[in-house]
Amino acid sequence: MNNLVGIIVSAIYIVAVVVTSKFMSKFGEEASRKFIHVLLSNVWIIYMLFIDSLVPACILPIAFVIINTLSYKFKLIKSMEREENDGFGTIYYAVSMLVVSIIAYVAGDPRIGATGILIMGYGDGFAAIIGKKIKSKKYKIGKTTKSIAGSLTMFIISLFISFIVLKMIGVKYLIFDSFGIAVVATILEAISIKGFDNITVPVITTILTFLAM
């Protein structure tokens, strides 16, 4: 019963975020996208509260892989898509949710996935926002251009989230592991292109969280 409640509450929350994002579009296309990007990561908190097994955890991610693919192709949810073709970021977001669900629920502890999903949402989301709002030195890694302000934001948020989640799990080397995960997350966000950080950041930080246990 809890699993069904979790799926329903998660679905309602996702719809509410997407609908509300339409009001954010008056602040610009990117504001609307980042609103969705950040707030959708909170679905994992609902997962931790209600969903306790693998199959229910995979239902919504699979559904949204399909929905996001159709939206990308046909621009069904305009507040979620960029006008220019900048990769499959929205699809990767749903795919990563599926992969993280598999890792966390096979491991038997949904808290493992909180690091990856919340870092993807809050870290990557606010790194992009603050990186554009605050003037700072730019740097390039391959074809990717990033800013010091954005990367520093990514690191600080990743460190905070990692510390909270790892403390909740009860890992032995809390400071060391939190710092390591934050560094890896920041590097992955910097080097990933065309939205691929929506895969690399959550999946690899989730694996690192599992290994830290």
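## A residue in H4

Let's begin with Ile 59, which sits in helix H4 (residues 54-74); helices here are DSSP runs of H or I with at least four residues, numbered from the N terminus. With a relative accessibility of 42%, Ile 59 counts as partly exposed (buried is under 20% relative accessible area, exposed over 50%, partly exposed in between, using a 1.4 Å probe and protein chains only).

## About the model

This is a predicted model, in which local features need pLDDT of at least 70 and side-chain atom pairs count only at pLDDT 80 or more, while totals for chains, interfaces and linings use all residues. Residues are numbered from 1 along each chain as its sequence is written, and side-chain values use heavy atoms, leaving out hydrogens and water.

## H1 against H2

Helix H1 (residues 2-24) and helix H2 (residues 29-40) have axes that come within 8 Å and cross at roughly 160° (axes are lines fitted to C-alpha atoms over the stretch in contact, and angles run from 0 to 180 degrees between N-to-C directions). The two helices are therefore roughly antiparallel, a label for angles over 145 degrees.

On the H1 side, the contact (heavy atoms within 4.5 Å) includes Tyr 13, Ile 14 and Val 17, and H2 contributes Phe 35 and Ile 36, among others.

## Helix H9

The buried residues of H9 include Ile 199, Val 201, Val 203 and Ala 212. Among the elements covering them are H2, helix H5 (89-107) and helix H8 (174-191).

Key
Angles under 35 degrees count as roughly parallel, over 145 as roughly antiparallel, 65 to 115 as roughly perpendicular and the rest as oblique.
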